Amino acid sequence: MSNKITNLSERNKVELRPGLVKTNLSYNNETMLCHFTMKKGCVLPLHNHEAVQNGFVLSGKLKYTLADENKNVYEEGVIGPGGGYVWNANEYHSTEALEDMEFVEFFAPMRPEYIAE
């Protein structure tokens, strides 16, 4: 299956954790675009990763928390439909779905662990 030109309806959906489903869209060795759905109440605990994470909320509301390298929180807020965000490489962040959500995220560099899923 090609990873260059794709259609959401033709891609495999993977439940990363209860309430969070990821669908890989297009990707290459440098970047990756994924579609996600997240059920109300689903929480991704504070974590970080090498990839810059740039997202766009299609529907629902997302509560986010950003923290420094010592995991001290320095920003919290809510992002709703039409809202975008970017988490820097290795920036600690957590998210909680305040409503059922749909969003897309772009990662650079691509996340190889997402290919295996």
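R111 lies over the face of Y114, 4.4 Å from the ring centre. K22 also lies over the face of Y114, at 4.9 Å from the ring centre. The model described here is predicted. Its chain holds 1 helix and 10 strands, and 38% of its 117 residues are buried.

**Aromatic rings and charges**

- Y114, the residue whose ring face has R111 over it, belongs to a cluster linked by ring pairs, together with F36, F103 and F107.
- The count of aromatic pairs comes to 5.
- The distance to the ring centre of Y114 is 4.9 Å for K22 and 4.4 Å for R111.

**Overall form of the chain**

- The order of elements along the sequence is β-β-β-β-β-β-β-β-β-β-α.
- The C-alpha trace spans about 40 × 30 × 25 Å along its principal axes.
- The radius of gyration is 14 Å, which agrees with the value near 13 Å that a compact globule of 117 residues would have.

- Six strands form an open sheet with antiparallel pairing, and their order is 1-2-3-10-5-8.
- The edges are taken by strand 1 (13–17) and strand 8 (84–87); each has a single partner strand, so one side of each has no neighbour in the sheet.
- On average, neighbouring strands of this sheet are turned by 25° against each other, with direction ignored.
- Strand 3 (residues 32–38) and strand 10 (residues 101–108) run antiparallel and are joined by 7 bridges.
- L33 has F106 in strand 10 as its bridge partner.

**Cysteines**

- A search of the whole structure finds 0 disulfides.
- A disulfide is a covalent bond between the sulfur atoms of two cysteines.
- C34 is in no disulfide, and the nearest cysteine sulfur, that of C42, is 16 Å away.
- C42 is likewise in no disulfide, its nearest cysteine sulfur being that of C34, 16 Å away.
- C34 counts as buried because its relative accessibility is 0%, and buried means under 20%.
- C42 is buried too, with a relative accessible area of 7%.

Notes
Residues numbered from 1 in each chain as written. Predicted model: local features only at pLDDT ≥ 70, side-chain atom pairs only at ≥ 80, totals over all residues. Heavy atoms only, no water. Disulfide = S-S within 2.5 Å. Buried < 20%, exposed > 50% of the residue type's maximum accessible area, 1.4 Å probe, protein only. Pairing = 2+ DSSP bridges. Helix = DSSP H or I, 4+ residues; strand = E, 2+ residues; numbered from the N terminus. Axes fitted to C-alpha atoms, helices over the stretch in contact; angles between N-to-C directions. Phe/Tyr/Trp six-rings, centres within 6.5 Å; stacked < 30°, edge-to-face > 60°. Lys NZ or Arg CZ within 6 Å of the ring centre and 35° of its normal. Rg over C-alpha atoms; globule rule 2.2 N^0.38 Å.
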